[in-house]
Amino acid sequence: MTDGNDQFGASFLVRHSDPETVVVPDDLGEEERMLVRSVVEFGEREVAPVWDRLEARDPQVVRDLFEKAAELGLFIAEVPEEMGGLDLNVLAITGMCSSPADIGPMGSVIFGHQGIGMLPIVNFGKPDQIERYLAPCMEGEKLSAFALTEPSSGSDAMNIQTRAVLNEAGTHYVINGSKQWITNAGWADIYILFAKVDGEHFTAFIVDRDSEGFSVGEPERLLGQHGSDVSALTLEDVEVPVENVLGEVGMGHKVAFCTLNMGRLKLSASSATGAAKALAAAAVYAGEREQFGRPIAEFGLIQRKLADMAARAWAAESVSYRTAGLVYHALEALGDGGKVSQEVKLGALAEFSAECAMAKVFTSEAYNGLADTALQVFGGYGFSEEYPPARMYRDSRITRIYEGTNEICRLYAQREVFKRWARGALDPKGGTAGSGAAGSGAAGADALSALKSVYWRLASAVAGALPPDQMGEPANQQYLASLADVAIEIFAAESALLRVSKLEGRPDDGAHGLRRSLATLCLDRAVTRIREEAHTILGELFGGDELAGQLGWLEATLPGSGPLLEARAGVAAAMVEREGHLPAMLG
């Protein structure tokens with residue numbers, strides 16, 4: 001796929017990126033902003049007053065709010081118009097999915113239903129399934145859950161043990177097995193459930209809760225996400241009509257992985273917002289808390305924490321919207337205003353599946369890392385449930401696990417890059433000329449070119465040492481993960497720099513300097529992380545004089561770090577003054 005703004009999967013590693021074509025949060029139009037505000041206001045008006053009852057999993061409160069979310073239109077936002085939905089574009093959906101932190105315990109209920117619960121029916125449902133199941137889901141009459149994980153198969157999703165056998169009459173599949181860690185399991189009316197027909201054909205089914213032999217276990221006691229219902233499912237000779245096969249027999253992997261690709265994109269938006277909220281909490285507290293006769297925000301080590309938090313939050317936002325923009329531009333280029341077939345939409349997601357996985361890794365680790373740092377800034381108070389960091393710390397941790405663990409996402413992303421390289425879709429020699437990051441000057445563009453050349457040097461070394469048939473061996477996963485981390489850091493630093501460059505083309509709102517400082521800190525972090533992973537790879541593959549030569553080349557190629565203490569102090573002061581709000585150029 002090379003249409004749209006001439007971007008294709010993993011092309012950021014080999015191509016010039018024009019800042020004007022990169023989507024940033026500041027690009028959201030009024031329609032998208034209204035949707036985001038509606039979710040925030042829903043949280044303030046409806047969710048906040050019953051927060052405690054939600055965390056206690058009061059089923060009546062959950063159902064009432066679920067129905068109110070339907071009235072708000074959240075469940076029709078992503079559904080095509082011909083199915084009765086609004087068919088909002090990817091950017092609007094990304095904005096909407098940046099808001100779960102604003103609705104607390106209802107986030108997993110609403111977006112678990114709206115996303116992974118409903119979209120499989122939207123994307124693969126037959127007309128009668130859309131009428132019987134999708135319509136009630138859109139109206140808030142039925143709640144849907146996604147049931148893939150099993151006690152013996154989490155990341156190894158294709159190795160599920162649940163079995164489906166066609167009965168003698170040919171009217172029903174008889175399903176036996178179990179599922180675990182299913183979000184919304186206790187409240188759902190229907191389940192998108194995966195089983196292997198005859199023990200080998202991976203297939204998706206729509207299963208009704210009231211099916212005989214179908215049972216839901218007690219809710220799990222979770223570290224975080226209190227108020228969500230995560231339970232196990234048991235199926236004992238459950239008869240499911242053949243009409244309830246979703247898609248085709250043996251094609252369940254398409255249902256699962258297309259859903260997960262979009263889920264990762266949405267999770268990146270949600271995680272970026274969570275990171276920003278952790279930053280805001282820490283900045284406000286640091287400006288108010290006094291020790292030794294002065295606010296702790298004036299101490300160098302706290303300033304470093306606030307500055308690094310701000311840079312990671314800025315990069316997380318930039319990565320999330322840039323990834324959504326890749327899909328958005330691809331759809332705009334292929335259809336009438338983005339109105340394209342479901343098949344084309346799924347193809348665009350598949351094209352940028354590596355970026356979706358990278359965005360999920362970077363933003364979820366930023367969220368979890370910033371929650372941890374916020375807790376540290378609060379000190380002993382952060383360890384108390386009376387203050388926000390405790391909940392942030394608990395709630396953020398799961399984001400590194402669901403929608404594919406970050407380990408699996410790293411391996412997936414790097415394998416995709418290798419696959420594209422092997423078939424000629426990525427040409428490292430085709431030019432890695434900067435990224436047009438004028439906002440940080442020519443130095444920023446040159447730095448990115450240097451980082452990309454480091455990536456391809458490392459990738460070539462790994463590819464030369466490991467035969468293709470050994471790439472997937474468990475013992476070689478560390479190479480792939482290190483390469484993935486290099487690529488992810490490049491993607492994040494470039495996204496932050498491109499955002500700065502794009503916004504500097506607009507009237508000065510007084511925050512251009514702050515944005516440049518944030519981008520500088522993002523780049524410095526990327527260089528530090530890339531150096532670490534490069535040393536790991538090179539140290540394993542080379543020795544003696546050859547290793548010394550490789551390391552010498554590395555240090556000569558990696559960009560140097562400029563003065564950072566002043567930049568950190570300035571960013572920290574700005575964050576305290578702005579109460580932790582990142583600079584946003586609205587309109």
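Me: How many aromatic pairs does a search of the whole structure find?
Reply: It finds 13 aromatic pairs. The model is a predicted one.

Me: Why is the pair of W421 and W456 called edge-to-face?
Reply: The ring centres of W421 and W456 are 5.1 Å apart, and pairing needs centres within 6.5 Å. Their planes stand at 70 degrees.

Me: Why does W421 count as partly exposed?
Reply: Its relative accessibility is 22%. Buried requires under 20% and exposed over 50%, so W421 falls in between.

Me: And why does W456 count as buried?
Reply: W456 has 6% relative accessibility. The limit is under 20%, so W456 is buried.

Me: How do you know whether T405 is buried or exposed?
Reply: The relative accessible area of T405 is 18%. That is under 20%, so T405 is buried. T405 lies in the loop between α13 (388-397) and α14. Leaving aside residues up to four places away in sequence, T405 touches S155, K360 and R400.

Me: What sits over the ring of W553?
Reply: The charged end of R457 does, 4.1 Å from the ring centre. The distance cut-off is within 6 Å. Another case is R499, over the face of W314 at 3.7 Å from the ring centre.

Notes: Residues numbered from 1 in each chain as written. Predicted model: local features only at pLDDT ≥ 70, side-chain atom pairs only at ≥ 80, totals over all residues. Heavy atoms only, no water. Phe/Tyr/Trp six-rings, centres within 6.5 Å; stacked < 30°, edge-to-face > 60°. Buried < 20%, exposed > 50% of the residue type's maximum accessible area, 1.4 Å probe, protein only. Lys NZ or Arg CZ within 6 Å of the ring centre and 35° of its normal. Helix = DSSP H or I, 4+ residues; strand = E, 2+ residues; numbered from the N terminus. Contact = heavy atoms within 4.5 Å.
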